[in-house]
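Please look over the notes below with the model open.

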Amino acid sequence: MIYTVTFNPSLDYILRLDHFAAGEINRVNYEQILGGGKGINVSIVLKNLGHDSTALGFVAGFTGEEIKRQLQEFGVKSDFVQLEQGFSRINVKVKADKETEINGQGPDISENKQGELFSKLDKLVAGDTLVLAGSIPKALPDDIYQRIMARLESKGIRIVVDAEKKLLLNVLQYHPFLIKPNNHELGDMFGVKLTDHDEIITYAKKLQDKGAQNVLISMAGDGAILLTAAGVSYRCPAPQGTLVNSVGAGDSMVAGFITGFMESNGDFERAFHMGVATGSASAFSENLATRPEVEELLKGIG
């Protein structure tokens, strides 16, 4: 089984307009409301690629109900912890001559509710895959990633972590199966600016020295690099296409990698190529990648 955790899910209110003027009335020419969050995106793309997963996390209020309804519409199973107070956050994403985002803060989460999530995670068994992705709301302790991984450390679960600098560095001691920083995040972790592929591989190895098993580095239009636990490195340029929407592309790469790894019985090169194709397919589309889009891009990879 595959499980994803999104600690602070959202409804993303996406607006497009030709020009945004602060302090004035602005009229949009496109709007959409989508359930969002990195783990949720991974679950949706996995389903698009033909694989079931269970989305975990916390939801509250009318927005939480809409997030669950949308996932059900996508055919994605969810098992969220339901909060009695507040509502899941609303993020406003304004796409005009410049992109502007206003992100909500999310509801309060009590220790009892945190315990409910831990109880759900305790049911995972050897061979399961768990994706921990995204930021932590201020209502949760900043070591919750570490607490989860310490709790599951001896159970034989493949854990994938896609999180920002401090969250990621703090969990490497628990030997995550896969981590996915981008090239800028990788440089920030060590206070350097990475300018070529060899430097990226050098610093990816430093993350392995700290405990990571496999390191997948996304580089937007420059493609991606994978460094495996066996010390093998793979490089892949980005497929050709027009960037439409970069939101969710990194999450899609994670979903594609997991899909490729499972379908090939552990072939890292196949998993890597599937990840690159899936991330690019989402970037080239208004919505998250579908299987036909991914298969088409795969023809030009490898």
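1. A pocket here is an open set of points on a 1 Å grid over the protein atoms alone, with protein on both sides within 12 Å along at least five of seven lines, and its lining residues have an atom within 4 Å of a point. This is a predicted model: local features need pLDDT of at least 70, side-chain atom pairs count only at pLDDT 80 or more, and totals for chains, interfaces and linings use all residues. Residues are numbered from 1 along each chain as its sequence is written.

2. The largest pocket is lined by 48 residues, and S246, V247, G248, A249 and G250 lie nearest its centre. Its volume is about 1,200 Å³, a volume being the space filled by probe spheres set on the points.

3. Elements supplying at least two residues each to the lining of the largest pocket include β2 (10-16), α1 (38-48) and α8 (249-263). Helices (H or I, at least four residues) and strands (E, at least two) are DSSP runs, numbered from the N terminus. The lining of the largest pocket has 15 nonpolar, 21 polar and twelve charged residues, with Asp, Glu, Lys and Arg counted as charged and Gly as polar.

4. The second largest pocket has a volume of about 350 Å³. Of its 24 lining residues, L34, N41, E286, N287 and L288 are the closest to its centre. β3 gives the most to this lining, with five residues.

5. F87 is found in the loop between β6 (81-83) and β7 (89-95). F87 is partly exposed, with a relative accessible area of 42% (partly exposed lies between buried, under 20%, and exposed, over 50%, with a 1.4 Å probe and protein chains only).

Key: Side-chain values use heavy atoms; hydrogens and water are left out. On a 1 Å grid over the protein atoms alone, a cavity is a set of points where a 1.4 Å probe fits but cannot get out, and a pocket is an open set with protein on both sides within 12 Å along at least five of seven lines; lining residues have an atom within 4 Å of a point.
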